[in-house]
Structure formats: C-alpha cells, structure tokens
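Take a look at the chains below and how they meet. The text after them walks through two interfaces, one after the other.

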Amino acid sequence: MSELIKHSAAQLADKLAGGEVSAVEVTQAHLDRIAAVDTDVHAFLHVNTDEALAVAADVDSRRARGEQLHRLAGVPIAVKDLIVTIGQPTTAGSKILEGWHSPYDATVVKKLRAAGMPILGKTNLDEFAMGSSTEHSAFGPTRNPWDLDRIPGGSGGGSAAAVAAFEAPLALGTDTGGSIRQPGAVTGTVGVKPTYGGVSRYGAIALASSLDQIGPVSRTVLDSALLHEVIGGHDPFDSTSLTDPSTGLVEAALTGNVQGMRIGVVKELGGEGYQAGVEARFHESLELLRAAGAEIVEVSCPSFNYALGAYYLIMPSEASSNLAKFDGVRYGLRVLPEDGPMTIERVMGATRAAGFGDEAKRRIILGTYALSAGYYDAYYGSAQKVRTLIQRDFDAAFAQADVLISPTAPTTAFRLGEKLDDPLAMYLNDVATIPANLAGVPGLSLPSGLADEDGLPAGVQLLAPARQDARLYRVGAVLEAMLEESWGGPILAKAPALERVDTVEGK
Amino acid sequence: MMSMDATLSFDEAMEKFDPVLGFEVHVELNTKSKMFSSAPNVFGDEPNTNVNEVDLGLPGVLPVVNKTAVESSIKIGLALNCKIAETCRFARKNYFYPDTPKNFQTSQYDEPIAYDGYLDVELEDGTVFRVEIERAHMEEDAGKLTHMGGATGRIQGADFSLVDYNRAGVPLVEIVTKPIEGAGARAPELAKAYVAAIREIVKNLGVSDARMERGNVRCDANVSLRPYGQEKFGTRSETKNVNSLRAVEHAVRHEIQRHAAVLASGESIVQETRHWHEDTRTTTAGRPKSDADDYRYFPEPDLVPLVPSRDWVESLRSQLPEPPSERRKRLKEAWGYTDLEFRDVVNAGVMDEIEETIAAGASAAVARKWWMGEIARRAKLADVDPVDLGVSPATVVELDRLISSGKINDKLAREVLDGVLAGEGTPAEVVDKRGLAVVSDDGALQAAVDAALAAQPDVAEKIRGGKVQAVGAIVGGVMKVTKGQADAARVRELILQTLGVEG
Amino acid sequence: MAAINRDDVAHLARLAHIEMSDQELDRMAGELAVIVDSIKSVSEVASADVPATSHPIPLNNVLREDVVGHVFTAEQALSGAPDAEDGRFRVPAILEEES
C-alpha cells in the first residue's frame, strides 16, 4: 500500500506542487487502495477510474507546461452519490434512480473540475439521505473501517468511511440533520456543515430544502478548510445561496490560537442518553481548550429539547414534496402494475412502491400527514415556530460565547442491524446535530478520541453564528493539534489495518 | 356516449334564479425566458427543445425568479387597481400529474403579489359594471399533454399520452375575481366583456401576446345560482377549456341554464370541474372535487421572499401605458367616428386592427370600411370573430392601394381577398396569379369600346344627341366583355371621347 | 390530536402515490403512531405569538434578469426517459382530468 494514501490533502498538494509526485501517481494510489479494501468497506457505489486518471494526467501536463493551477489540483476526491455528476451514475442510494445518468453537473462538481481535482467515484449513503447509519442504502450498507460489523454513521457513511479508510483524502457530503458530522464522529474523521447558503445546493438532490447543505469531509481540519473554499460561494442558480465569499477559512485554520475566545457548553446537548466514553472525551477537549487560553462558559438553549420533534416534522414535509418528482415519467425506474388498468396513476404508485425503501416511504407518509389539510398548523406550522425559538436560543447563546461546543453524537458506532427495527432510536443519533440545521448556523465535527468502553471514535462538535464559519476552523484546528499531540499522532493511526498485506502502521 | 344535460331556457332560468359568477383568468407572460429557469419562452417549437434540467424537474434542480415576470405581474396588479404586497412568498401546490414535472407547482398561496383591486367593465350598450378583483398571483405553467389512441383526442378512451415540457415553467399570472353578484341576465355578456377587458389590458401593457387561441389568456368560469333574495351562494361548478371570448359567453349561459334545470327539478348541483365543448355548446362532467385536492401548500423553501420596495412599485406605475379606456377616447376623437360607429368597432373586437391598418397607411374611414364591412361580413358567415378571419392590416392597406391606384376595383378586390384568404399570397400576388388586374391598356379598352358602340348604335346616337346618362349601357357592355376588369371611369371617358362628346 | 390509524395511512399513501399492501399499511400505521406521538409536543411550545420561520437565513429579492440561458436538445431531455415517442415522453393512459 502506497504511503501517499496516508497523506492529508494539504500534504499531497504540497508534494504535487513541488513536483515530488505526479497527480496520476496520487490518483492511482487511491484507486489501488479502493480496489484493495472497498469489497470490505463498501464506501463506493461507483469508481470513476478512467475519468479520474484522465483528469490527473491532464493536471500533470498542464503543470509541466508551467500553467498556474489551483492549490488542490491533482488531489483526488470522492463525491456522495446524492450530488449529480455528468459521466457517472447518480443513484441517491435508491433503486428508483438505479442506472440514471445526470445530463448536468452540480455547481460544486463544476468547481471541483475547474480546480482539477480527479473524482474517484460516488460514495454510498442512506437512500435520499434519510438515515443515520447508511443501512438504508438500497445497495447494501457501508461498514465502519474501525470495525466492519459496525455502522459508519449516516446518511453520508460512504464519504466518511472512504476518507477514514484512506480510499480518498477528501470527500463531499451533504448534511440535513447531521449527515456529515455524525459519520465524522463515529469514523474518526472531520466533517463540516457550512452556514446555510454558504455552499450551492444546485445539483444536490434535495431532501429538506431549508435544511440541506453540501460540505467537506476530510481527515484534518485544514483539509476541510481548503475544500470548503473550493466549493463555497454564491451561485446564481441557487436562490438561497449567500453572496458572502467563502474565504479566510484556511487562514482561520492556520491562526493557531484561541486566546480569549469564549466557548459555550450547551447544557441541553449532553448528559442523559450520552455514552460515558463520549462524554469523557468531550470533557477532555474542554480542558485542552481551557489550557489553551479559552474561556469555557455554560449556556442553556431550552428549545433544543424540541429540535428533534421540529426536525422530524419539517424534514419529512419538505422531503415528501421533494421526492414527488420520482414517478417513472421522465427518468429513473418505471414499474408497471401487475394487473388491473394500466394508468399512469397506477404506474406512479407501483414505481414508487418498488423504488423507495421503507425509511423513505415512512418519511414521505409522515411528511404528507404533517402538511395535510387540518394538520398543517399543529405540525408543520408549529415546527416552523420552534425553528424561530431555536434561532433565538442560538442568538442568545452567541451573545455569551463565540462558539458553542457539544459532543457530536450521543454514542459511538453501533452494530449493523442494532437500531433498524426502532426508527425512533435511530433518530436520536441526530439530537445534537439537528439544531444547527434548523437555525442555519455552521457546525464542524472533529475526532475527540476513542471511548474507553469500546475503543471506538467519538466526535466533538463546534457551532458558530451564521456566516462565521471561520471560527469553526480556528478553534477546530487548535483543538485538533492539541488532541493529536496527546495521542502521539492522528487518531486514524490507531485504526485497525484493513488490507491483509499490511503490517500495523506506525505514526 | 355523451348524454346531454337538461337545461331550462335562459329566460326561465333568470326568472327563477340569481346568477353569481367568478373567474380565474390565467395570463401567459411574454417574457423571453421562463418563470424559474432561463429556458426560452417560445410558442410552437419542436417538443422538448425549450427545456433544461430545471423545467424537467430533474433531481437536484432549483428555481430562480425571473425579474421581468415580477415586474409584469406588478404592472398587471396596478392596472387592476390592486394593492401590491409589501412582502410575499412563493408556495408549493402539491399534486401529481404528468404535465407537472416536479409534481408540485411553484405558485403563490396566501401571499399573492397583488390583491383587492377592481376593473370597470364596459358592456356593449355603454353600461359600466365594476368587477372586484380578489388577487393576482404568479405561478408557472405546466407542460402539454397529447392524448393518443382514443377516438376523440380527449383524455377519455385514450390509450396513452405524450408529454411535451416546452410550456412547463412559462410564467403565468392568475387573476381571481371576488364573487360577481348582480349581473342578472347580463351575466353571459358581462363574462365575455370581462375576459375581453383583461385581454385588452395585458396586451396594452405589453406583458402578454394575449392570444386566446394560443392559450395566452385562459379562462375558468365559475357559475352558481341562488333564489332571488338569498344571501348564501349556491353550489358552484367550474368550467374549463373556455378558449375564446364567444366560448366564455356561451359557457356561462349554458351553465346558468343547466344549473337552473337541476335546481328547478329539486336536485342539487354537484361541485365539480366541467369541460366546455364549443362544437356542441355544452359542458360535460369532469372530476368531482374530492379530498384528493388537498394541495398541502407550504412556503417554497427554495425561493426567498419578494419584498417589492414602494419606490420600485411607483416606478413601475409611472411606466404604465395609457389605460385602454383612455386610449379608446383618444382614438375615437382621432379617427372621427361617431359614438355608435366606435362602439361597433370595439364590440367587433377590431379596434387594434384598425389602429394598425391606419398606422400602415390607410385612412380611418377606409380602415373602418374594410374591417366593419367586407371582413365583418365574411367573419359572420364563417362563424368566427373578425380578428380570427385571417386578414392582416397590411392586407387591407394593400387592397386599398390597389383600388385607389386603379389597378383593381371594389368588385375585383373581393375576389383578391378570396385568394389571400385561400393562402395564395399577398393581394398583389393574387392579382397577378389570377389575372385580376383592371384592364388599363387603352388599346384593348378602345377596341372593346368600339365593339360595344358598334353593338348598340342606337344608344351611341342617344349619347351623341346629348343624353350622356345613356353611356351607362355602353359601359355595361364593355364591362361584360372585360369580365369586370375594366376601370369604369376610364371606359366612360373613352366612350365619350370616341363619340366626341363632353361628359 | 387523534392517533394516526390505518385508514389515515391509506389516504396518505394515495395522496403520495405509493401503492401499499394491507400489511404495509398496518405496519406503517404502527410505526408512525409512535413517531407522531413523540413529536406532537412541538405544538405545546409553538404559541400564537411566535412567528414561523420558513427560511433560516434572511434573504430577499433574489431575481434573475430575463435572459435566455442554456437549453437541452430533445435528445438530452429524453435521455433518461423510461418511454418516449416522437420527441415526447410517453405515459400510459391518464385516468383523471387535470385539476
């Protein structure tokens, strides 16, 4: 196994710029890794071998000609299969889109191409991003590289596992209620949900339009900052995108100090329901930040207790509308009813029955219910009010603290199948990540260490006011440096080897 | 097999019942690009060639609002004396239908861009009726379905349907009236006049081509009846597929008669959507309103609120063109028509055409002579509105020039018009092709004159003797020989000249 | 707030155009009842004086100039079509008149 795959994106970028290694070599090394381990991990639904190598070769020849290239040119990346890409299938993890090829690129994909970043392939996800374990993918689950019998989180388990398994240095994910951050926490990787509108949603298959964001997945905070700057920025094709530029994030990650910053611990995001090992690692992070000169304060956001309820009203409602377009008429699966009159209404019914999995159907029905006549005020309407309360609580908290901090998820990775029969238990995985989506504020998860009871990764989450994504990178990078020092290296060095030929890797 | 619904006579219906009307008129805007996507807004191209990913509702797409569509909507609201919202949002109207690519329509629900207005509608006899406007809001059009395999091209009995999304996403403004009470027996007339007035306004504003036959202006007519004196409205039916002004009038009349028959027999009206058939002048039942009409409206999360500043609104108001009623006053003065002449022109729906004909070079009198004369006559025979006959202002001007230059006469002009309407070309081309030019060659005419004089020597004598009026018979003879293609005045001159008589 | 029952689910499945067997309807009704129960607390705290927030980050008046942009060829448009004829998408007979 090539050493190249152990490098961070920033390290690869330096080596590529310095001519020490070619983009083709880097891309090939990752393709080899995918070939070696992905049968076990199943992070990828599609591997984009030919195009990735062609892009890499093109970068190499342009560099040889002395062209000015983007800093990340030649650094390969994996893309969550919820984001449309010309030339590769996009399935959204669903049978209803199996085999579909998009005739247009998502805006973020255009940006990756413009930066010369080879796309290694599309990663696995819970169907239409509905889930917290990637077990609801129609194409089989992804397995956590730390323990192949455990979930990698969801919905973006594929992207997180790919990065954790060194199959890619970077990945794109989407986050609606924690789908980037929670997989980050349970796989020992970094994941960021930008401020709502900070990254264009054009080309991200919509789950909940007022909650969704595309964001970076990486092994280091700096890498996420680098990727965030590539994909962020205003997009005229997305009416909800901010005109603020996504700059200063890398600079923030390189600041190196948190002197005088106020870090707010959210009372409601911890305690009962949170695994002891997760809490223990969380408190250690607080101590490190205190030692680094930050002030730790306690804040209370009482409306966060209603966040899960509000989320499971707003999200399915918007999803039920967003998923209506999958009907067998214009693209994707079409299933004809076995008997009875052959009408388009029945074809739609049969197609959606066959094409959607159980979780997707559950949420569509729930959303249809919450929006239906007579129920709107009590359900969807009320949830939108709770959203106002949550924003107010955030505003009040940010008056007392520059960033907020909490464990990212209540538990470490549970076993495959463990929560499948209990949707409510599954939903509780998102209790700490959901408030940020409802309010639109940015959040970052980085590894806080391994839980004592099971030796599995836990994550710590940072939250910042809207448009202050830079603060996440500033605090995150400092905390990461201190944690890695305490571990004697990156957390993933402690992960079990995946390739049978490997000996245990040193630092 | 369509069974005909029972109807009472209109008079009987009016004796027993008080009609209440309501209209939802959809106006297609003539923007260059669509409401939420940058695909072209063009009529009639090859199927599915004016679409991009947004119009097809592909996974991952997002809408972006067309600024000009917003301006046009505000202008329509202002022209209808509406208040313009200080802030409004779009909403999703959720329902499944193959012509609706996202299976929801992006529209406006409880926050229309314009509301609480009115329109003073003038009826043919000059009576003015104020129609209150509830709201005008923005939304997007659906694609076009063609039903195949059945006998009638209608949805019933079709084997399959074909979908063209070119029209999907075209900007629409929906104008909704408040219930229209007190029209009484003039309800059908008012219906037509109202829709005509809307058409006129949007055309005048330049925001729509306003061609009903192209679906630029579509009317859904709501009709209900109640006993005189009752405050509560009766159950209404909604009639769709009302594609022309005459259809509006006929459909409202028919529904009144149908409702009356149902109510008079003690039955109840089913609240439903009905389909108008111009060929049989009846409606047929569509779907009953059901709970499947739960549209589950919620604010469109992919679009941000519209907050039209008062400055912007006032600037649009200052850009409004002269209102049609003002314009009518001005044109009547300019053209010198009497009140009655002008009203007839307006009622025939040819005021714009006359204006264009005059702009193309004809006099006001000539324009009226053609549009209210020959064209109106033919339109009546063909059972169409004069504007729909197929005659253009340019044609009228050309015909007039051909006559005044002597190339043809009035009688020949009618034949030329036959040729133009048959698609044989411009008037000049038809004259050539059909050989309809007035004979202007003096040599040929002289020969014909000589022959006619020779054929009627006694008349020739009379003329020589001073009875100049007798020249008519010789003229007639010449015209017969030349098949009417002689300039009568020139012939008369030649005859007198030949006979050496002063005329 | 009445509990969600099997008839409710059948009605919702019809609205959502998802064909469901009786078994599925029963199972879904049970699952949803539990979920709905857990989220109905939301209405307790959503009092009349709290305004609803539909868009998390306040933005207004995002408009596009009325300029024609890119367009597909008919081939591209139909590229994913399950069934097409004559440059148009083909669907089986439509039962209901358009609304």
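This is a predicted model: local features need pLDDT of at least 70, side-chain atom pairs count only at pLDDT 80 or more; totals for chains, interfaces and linings use all residues.

Residues are numbered from 1 along each chain as its sequence is written, chains are lettered from A and ligands numbered from 1 in the order in which they are written, and side-chain values use heavy atoms, with hydrogens and water left out.

Start with chains A and B. Here 38 residues of chain A are in contact with 31 residues of chain B; contact means heavy atoms within 4.5 Å. The size of an interface is often given as the accessible area lost when the parts come together. Between chain A and chain B, about 2600 Å² is buried, and carbon and sulfur atoms give 61% of this. Buried area is the accessible area (1.4 Å probe) that two parts lose on being put together, summed over both. A:Ser239, A:Lys325 and A:Arg330 supply 21% of the area that chain A buries against chain B, more than any other three residues.

Chain A and chain B share one salt bridge, defined as a side-chain nitrogen of Lys or Arg within 4 Å of a carboxyl oxygen of Asp or Glu. The side chains of A:Arg201 and B:Asp302 form a salt bridge at 3.0 Å, N to O.

Which elements of chain A give two or more residues to the side that touches chain B? They are α10 (307–322), α11 (344–355) and α12 (358–371). Helices (H or I, at least four residues) and strands (E, at least two) are DSSP runs, numbered from the N terminus. The largest share, four residues, comes from α10(A).

Turn to chains C and A. In this interface, 53 residues of chain C are in contact with 61 residues of chain A. The buried area is about 4800 Å², with 71% from carbon and sulfur atoms. Three salt bridges are counted between chain C and chain A. The side chains of A:Arg362 and C:Glu31 meet in a salt bridge, at 2.7 Å, N to O.

On the side of chain C that touches chain A, α1 (6–15), α2 (22–39), α3 (42–45) and β3 (88–92) each give two or more residues. The largest share, ten residues, comes from α2(C).
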